Amino acid sequence: MVLEILCQDCRESLGSRIQLKKLEKKILNFIHHYQIKEKLSPSYTEIQHSCDIKSSSNLQRYLKDLKRKLYIDFTPGSARDIKILRKEGWLDD
């Protein structure tokens, strides 16, 4: 789901009410800076190691939560396909 196709009311309700966890912000920052530097998304393993996440299942849970909160989108099973959908609430922190 892409944020641009949501109605205005849905976008407003998503605004600042969704609080991100500290590690979720760390993951988003890593993905953002990696994409700027490398011109592609990091692998799940690179995210896991850079953000000190102990297991791949924990990383998957964080990524699914970020997708549910409409911060990222990805296709499960595809490599290096993470797209950042919105930057408010974490990029300026």
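1. In this predicted model, 56% of the contacts between residues at least 6 apart in sequence join residues at least 24 apart. The chain has 93 residues, and buried residues make up 38% of them. Its accessible surface comes to about 5900 Å², with 52% of that area belonging to carbon and sulfur atoms.

2. The secondary structure consists of four helices and two strands. Read from the N terminus, the order of elements is α-α-α-α-β-β.

3. Helix H2 covers residues 22-38, a run of 17 residues. From its first C-alpha to its last it reaches 24 Å, close to the 24 Å expected at 1.5 Å a residue. Lys39 follows H2 and has a positive phi, near 65°.

4. The buried residues of H2 are Glu24, Ile27, Leu28, Phe30, Ile31, His32 and Tyr34. An α-helix has 3.6 residues a turn, so residues three or four places apart point the same way. The partners against which the buried residues of H2 pack are helix H3 (44-50), helix H4 (56-68), strand S1 (72-73) and strand S2 (83-84).

5. The largest nonpolar core contains 19 residues, and Ile27, Ile47, Leu63 and Ile72 have the most contacts inside it. H2 and H4 are the elements that give two or more residues to this core, and H2 gives the most, with five residues. Leaving aside residues up to four places away in sequence, Ile27 touches Ile47, Cys51, Ile53, Leu59, Tyr62, Leu63 and Leu66. In soluble globular proteins, nonpolar side chains tend to be buried together.

6. The count of salt bridges comes to six. One of them joins the side chains of Glu24 and Lys69, at 3.0 Å from N to O. This pair links distant parts of the chain, with Glu24 in helix H2 and Lys69 in the loop between H4 and S1, 45 residues apart. Both Glu24 and Lys69 are buried.

7. A salt bridge also forms between the side chains of Asp52 and Lys26, at 3.8 Å from N to O. Because Asp52 lies in the loop between H3 and H4 and Lys26 in helix H2, the pair ties together parts that are 26 residues apart in sequence. Asp52 counts as exposed, at 55% relative accessibility, whereas Lys26 is partly exposed, with a relative accessible area of 37%.

8. Lys67 and Asp73 form a further salt bridge through their side chains, at 3.4 Å from N to O. Lys67 counts as partly exposed at 28% relative accessibility, while Asp73 counts as buried at 14%, because buried means under 20% relative accessible area.

Methods: Residues are numbered from 1 along each chain as its sequence is written. This is a predicted model: local features need pLDDT of at least 70, side-chain atom pairs count only at pLDDT 80 or more; totals for chains, interfaces and linings use all residues. Side-chain values use heavy atoms; hydrogens and water are left out. The expected span of a helix is 1.5 Å times one less than its number of residues. Buried means under 20% relative accessible area, exposed over 50%, partly exposed in between (1.4 Å probe, protein chains only). Contact means heavy atoms within 4.5 Å. Accessible areas come from the Shrake-Rupley method with a 1.4 Å probe; for residues, only the protein chains shown count as cover. A nonpolar core is a set of buried Ala, Val, Leu, Ile, Met, Phe, Trp, Tyr and Cys residues joined through side-chain atoms within 4.5 Å. A salt bridge is a side-chain nitrogen of Lys or Arg within 4 Å of a carboxyl oxygen of Asp or Glu.
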